[in-house]
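Please keep the sequence and the structure in view while reading.

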Amino acid sequence: MHKGAGLHAGVHKASWEGVVSPVGNRKDISVTSGTSGDAPHIDPGSWAAVLTPRLAQFVAVARHEHVTRAAGELGVPQSTLSRAMARLEDDLGVALFARRGRTVALTPAGRTFLGSVERALGSVEQAAEAVRADADPAAGKVAFGFLHTLGSETVPGLIRSFRADHPRVRFSLVQTYGEAMIERLRAGDLDLCLTSPVPDAPDLVARRLDEQRLRLVVPEEHPLGRRRRVRLAEAAQEAFITLEPGYGMRRIFDALCAEAGFKPRIAFEGEEAETLRGLVAAGLGVALLPPPAVPRPGVRELAVSRPRAVREIGVAWVDGRPDTPPVAAFRAFLLSRRGRLLA
């Protein structure tokens, strides 16, 4: 960033009703960077802070090439606008306008500056419209995270039901595992998430919505496959196929095995439940999983009688973070589905 110090005095300017301030009578202008990876910190004396309030005025004068007409459009006194343009040129140390009788014309530097200013103001306008659209009660956006195992039927069904009454609300959908989802929730990437286990953290609000029974999945020809119900301890000597550490189901699996009195022998770790089912069908081990959306050939799904093998599913959001109307509406909808989320 170029600094304001060392600007050349005596730069030619258009006459702004006799208002011209000496060049170089302000402090150095700077933008300081934080630590590596941080966004720049804009000092109160930076170019952005100093120039931004006058950029729209500059565009109006450039477009009309007439200070009086520009002042009328902006609803400010002509003298105020003249002083603003004089100060803008002083701050930059560059003549942006040349006086031609009652009109003004852009200098070459002014034309260059105008193009950049119009792009910058256009970006601000787009950003403002985007955040306003996202907060629109009828057509805003909800950033919603959920577990992979809820993506094939549960979440599409929920969104379909919600949009029956809110047809213009848009969704940004993120499927990931529990720990990553909570991180993205805290970072502001997500407004709400469906996760399991239901988180218990001081900075989050979480509400239990439903529970899902887990099944012991074994190959079709496995000796246990002739049973409808088993105790988890009966599989203590089996090779297990499970999700990787960090997944909510992995934490539940580890806890249930400990409750059943054994430490599981892990043969394979994966990232997606249906892939694990495929490995079971191939005879590579057994798995503890939520029920599938569509029955998978080659496996048997056994109820677990002991310990009680369920996973709780809940909705979570950051405590104290303001909600847009669409987010508040969708959260209320999810809470209204308590006990029948998975129906």
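## Arginine 54

A polar contact is a pair of N or O atoms within 3.5 Å; within protein, one atom must be able to donate a hydrogen and the other to accept it. In this predicted model, the side chains of arginine 54 and aspartate 91 make such a contact, at 2.3 Å.

Arginine 54 belongs to helix H1, which covers residues 47-64. Is arginine 54 buried or exposed? Its relative accessibility is 13%, and buried means under 20%, so arginine 54 counts as buried. Beyond its neighbours within four places in sequence, arginine 54 is in contact with Asp91, Leu88, Arg87, Met85 and Ala84.

## Histidine 66

Histidine 66 sits in the loop that lies between H1 and helix H2 (67-74). Histidine 66 also counts as buried, because its relative accessibility is 13%. Its side chain reaches two backbone nitrogens: that of threonine 68 at 3.3 Å, and that of arginine 69, which lies 3.3 Å from a polar atom of the histidine 66 side chain.

Which residues does histidine 66 contact once neighbours within four places in sequence are left aside? They are Val61, Arg102, Thr103 and Val104. Threonine 103 is 37 residues away from histidine 66 in sequence, yet their C-alpha atoms are 4.8 Å apart in space.

## The largest pocket

Rolling a probe the size of a water molecule over the atoms shows where empty space is left. The largest pocket of this model has a volume of about 460 Å³. It is lined by 24 residues, of which Thr149, Ser152, Glu153, Thr154 and Ala293 are the closest to its centre. Two or more lining residues come from each of helix H5 (154-163) and helix H8 (273-281).

Which element gives the most to this lining? It is H5, with four residues. By type, the lining consists of 11 nonpolar, seven polar and six charged residues.

## Confidence in the model

The mean pLDDT of the protein is 84, and 82% of its residues reach 70 or more. Among the elements, strand E9 (residues 215-219) has the highest mean pLDDT, 98, while strand E1 (residues 31-32) has the lowest, 38.

Over residues 1-13 the pLDDT stays under 50, and the model has 30 contacts beyond four places in sequence for this stretch. Residues 18-42 likewise have a pLDDT below 50, with 40 contacts in the model beyond near neighbours in sequence. Where pLDDT is low, the predicted coordinates should not be read in detail.

Methods:
Residues are numbered from 1 along each chain as its sequence is written. This is a predicted model: local features need pLDDT of at least 70, side-chain atom pairs count only at pLDDT 80 or more; totals for chains, interfaces and linings use all residues. Side-chain values use heavy atoms; hydrogens and water are left out. Buried means under 20% relative accessible area, exposed over 50%, partly exposed in between (1.4 Å probe, protein chains only). Contact means heavy atoms within 4.5 Å. On a 1 Å grid over the protein atoms alone, a cavity is a set of points where a 1.4 Å probe fits but cannot get out, and a pocket is an open set with protein on both sides within 12 Å along at least five of seven lines; lining residues have an atom within 4 Å of a point. Grid points are joined across faces, edges and corners, and a volume is the space filled by probe spheres set on the points. Ala, Val, Leu, Ile, Met, Phe, Trp, Tyr, Cys and Pro count as nonpolar, Asp, Glu, Lys and Arg as charged, and the others, Gly among them, as polar. pLDDT is the predictor's confidence in each residue, from 0 to 100.
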